[in-house]
Amino acid sequence: MSRISLTTIFCCVILLFGKELILAQALTPKKLIQPPYLKAGDTVAIVAPSGILKNRTREIEQAKALLISWGLRPILGQHVFNQANHFAGTDNERCEDLQKAMDDPKIKAIWCARGGYGTVRILDRLNWTEFKENPKWIIGYSDITALHNQIHNEGIESIHAMMCTSLEDDPETIKETISTFKDALFGNSLNYSLKGSRYNRIGKASGELVGGNLTMLHTMLGSKSSIDTSNKILFIEEIGEYKYHIDRMLQSFKRAGYFDNCNGLIVGDMTKLRKNTTVWGTSIEQLILDALSDFDFPIAFNMPAGHEKDNRALILGRTIHLSVSIEESKVVFEN
């Protein structure tokens with residue numbers, strides 16, 4: 001065989017297997033960066049990227065005391081108690097506090113004081129360069145879902161858990177909420193057994209956990225902060241919505257292909273659903289099953305996370321293993 005023929009064959013082999021290698025790398029999901037777990041002496045910044053903290057001094061002091069009891073050092077953002085109509089300061093002020101905390105390498109976690117509304121207004125002002133050099137935990141839920149989405153797309157894990165204003169409740173009534181928040185921060189195992197439901201769709205799945213508040217996920221749809229749910233397990237929760245609003249959002253997600261390659265769904269609290277003059281006619285569980293009837297991934301109801309007192313911590317971006325039966329569902333986080 002001539003030297004030219006051998007060279008041609010060799011090049012073809014390289015091209016063939018090179019393409020396969022590139023394809024394999026593209027199909028292999030990149031694992032998200034895990035910020036360092038906290039240890040005694042670490043600094044935690046409390047910031048308010050969303051709603052106003054009017055008459056909430058007591059809860060912030062309780063939050064600081066809780067962190068101190070865990071051996072941590074709390075500091076407050078400069079503008080936490082500022083007031084600008086609906087918001088905890090102007091967009092510039094809220095962004096400034098969050099950006100400073102993100103950029104400061106001495107700060108190891110950022111705890112959002114409350115949700116409400118406002119985070120989406122500052123998302124595009126944030127610079128992630130320093131944060132990605134020194135990743136740290138960002139904690140919150142509800143409106144903070146907007147921030148979680150963007151963090152996920154930056155390739156870093158975050159914590160869906162209680163906020164400072166959660167401490168308006170009697171600490172005895174939120175023991176699991178506080179305990180699982182601490183476990184998530186300090187790197188202890190997170191494993192949940194969920195109460196069964198006749199609505200559960202049986203099955204097993206694994207994948208990165210993503211999601212949060214349904215309205216905020218819907219708000220992100222079509223933007224650079226929208227999350228890709230392919231090969232992932234989606235978590236949703238909601239408060240104060242009509243059932244037809246929830247159905248409308250799920251239909252929008254479905255039309256956008258949001259569920260096409262999703263591995264599973266975990267449904268958290270659906271709190272204080274509003275009653276429309278025209279009755280919807282089914283339970284919220286059946287509404288969700290009907291909206292997702294075209295898909296066969298497992299669906300687990302009764303995750304105690306969202307806007308109820310029992311708000312268990314979830315590490316977003318972390319791979320979980322979901323097992324769903326009628327009697328019980330299990331959620332196991334990889335360490």
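This is a predicted model: local features need pLDDT of at least 70, side-chain atom pairs count only at pLDDT 80 or more; totals for chains, interfaces and linings use all residues.
Q: Let's start with the rings. How many aromatic pairs does a search of the whole structure find?
A: The search finds 15 aromatic pairs.

Q: Take Y199 and F301. What kind of pair are they, and why?
A: They are edge-to-face, because their planes stand at 70 degrees and anything over 60 counts as edge-to-face. The ring centres are 6.4 Å apart.

Q: Where in the chain do those two sit?
A: Y199 is in the loop between β6 (191-195) and β7 (203-213), while F301 is in the loop between β10 (299-300) and β11 (314-316). The pair links distant parts of the chain, as the two residues are 102 residues apart.

Q: And is Y199 buried or exposed?
A: Y199 is buried, with a relative accessible area of 15%.

Q: What else does Y199 touch, not counting residues up to four places away in sequence?
A: Besides F301, Y199 touches S283, E285, Q286 and L289.

Q: How far is Y199 from N213, C-alpha to C-alpha?
A: Their C-alpha atoms are separated by 21 Å, and the two residues are 14 residues apart along the chain.

Q: Back to rings, then. What sort of pair do F259 and F295 form?
A: That one is tilted, with 55 degrees between the planes and 5.9 Å from centre to centre.

Q: Which parts of the chain does that pair tie together?
A: F259 lies in the loop between α8 (243-255) and β9 (264-271), and F295 lies in the loop between α9 (284-291) and β10. The pair therefore ties together parts that are 36 residues apart in sequence.

Q: Are F259 and F295 buried or exposed?
A: F259 is buried, with a relative accessible area of 2%. F295 is also buried, at 13%.

Q: Which residues are in the cluster linked by ring pairs?
A: The cluster holds F253, Y258, F259, F295 and F297.

Q: What sits over the ring of F297?
A: The charged end of R201 does, 5.9 Å from the ring centre of F297.

Q: Switching to helices: how do α8 and α9 pack?
A: They pack at an angle of about 20 degrees, and their axes are 10 Å apart. That angle is why α8 and α9 are described as roughly parallel to each other, since angles under 35 degrees count that way.

Q: Is the crossing left-handed or right-handed?
A: α8 passes α9 in a right-handed crossing.

Q: Which residues meet there?
A: From α8 there are K243, I246, D247, L250, Q251 and K254, and they meet I284, L287, I288 and A291 of α9.

Q: Why would residues on a helix point the same way?
A: An α-helix has 3.6 residues a turn, so residues three or four places apart point the same way.

Q: Is helix α5 mostly covered or mostly open?
A: Helix α5 (residues 145-153) is mostly covered, as eight of its nine residues are buried. Among them are L147, H148 and I151.

Q: What follows α5?
A: G155 does, and its phi is positive, near 90 degrees.

Q: Which other residues have a positive phi?
A: N231 is one of them, with a phi of about 60 degrees although it is not a glycine. K272 is another residue other than glycine with a positive value, near 50 degrees.

Q: Where are N231 and K272, and are they buried or exposed?
A: N231 is in the loop between α7 and β8, and at 51% relative accessibility N231 counts as exposed. K272 is in the loop between β9 and α9, and K272 counts as exposed at 67%.

Q: What about K224?
A: K224 is in the loop between α7 (214-220) and β8 (232-239). K224 is exposed, with a relative accessible area of 63%. Leaving aside neighbours within four places in sequence, K224 is in contact with D124, Q150 and N153.

Q: Last one: where does A84 lie, and what is it in contact with?
A: A84 lies in the loop between β2 (73-76) and α3 (91-103). A84 counts as buried, at 18% relative accessibility. Setting aside neighbours within four places in sequence, A84 is in contact with G89 and T90.

Methods: Residues are numbered from 1 along each chain as its sequence is written. Side-chain values use heavy atoms; hydrogens and water are left out. Rings of Phe, Tyr and Trp (its six-membered ring) pair if their centres lie within 6.5 Å; planes under 30 degrees apart count as stacked, over 60 as edge-to-face and the rest as tilted. Helices (H or I, at least four residues) and strands (E, at least two) are DSSP runs, numbered from the N terminus. Buried means under 20% relative accessible area, exposed over 50%, partly exposed in between (1.4 Å probe, protein chains only). A charge sits over a ring if NZ of Lys or CZ of Arg is within 6 Å of the ring centre and within 35 degrees of the ring normal. Axes are lines fitted to C-alpha atoms, for helices over the stretch in contact, and angles run from 0 to 180 degrees between N-to-C directions. Angles under 35 degrees count as roughly parallel, over 145 as roughly antiparallel, 65 to 115 as roughly perpendicular and the rest as oblique. A crossing is left-handed if the near helix is turned anticlockwise from the far one by less than a right angle, and right-handed if clockwise. Contact means heavy atoms within 4.5 Å.
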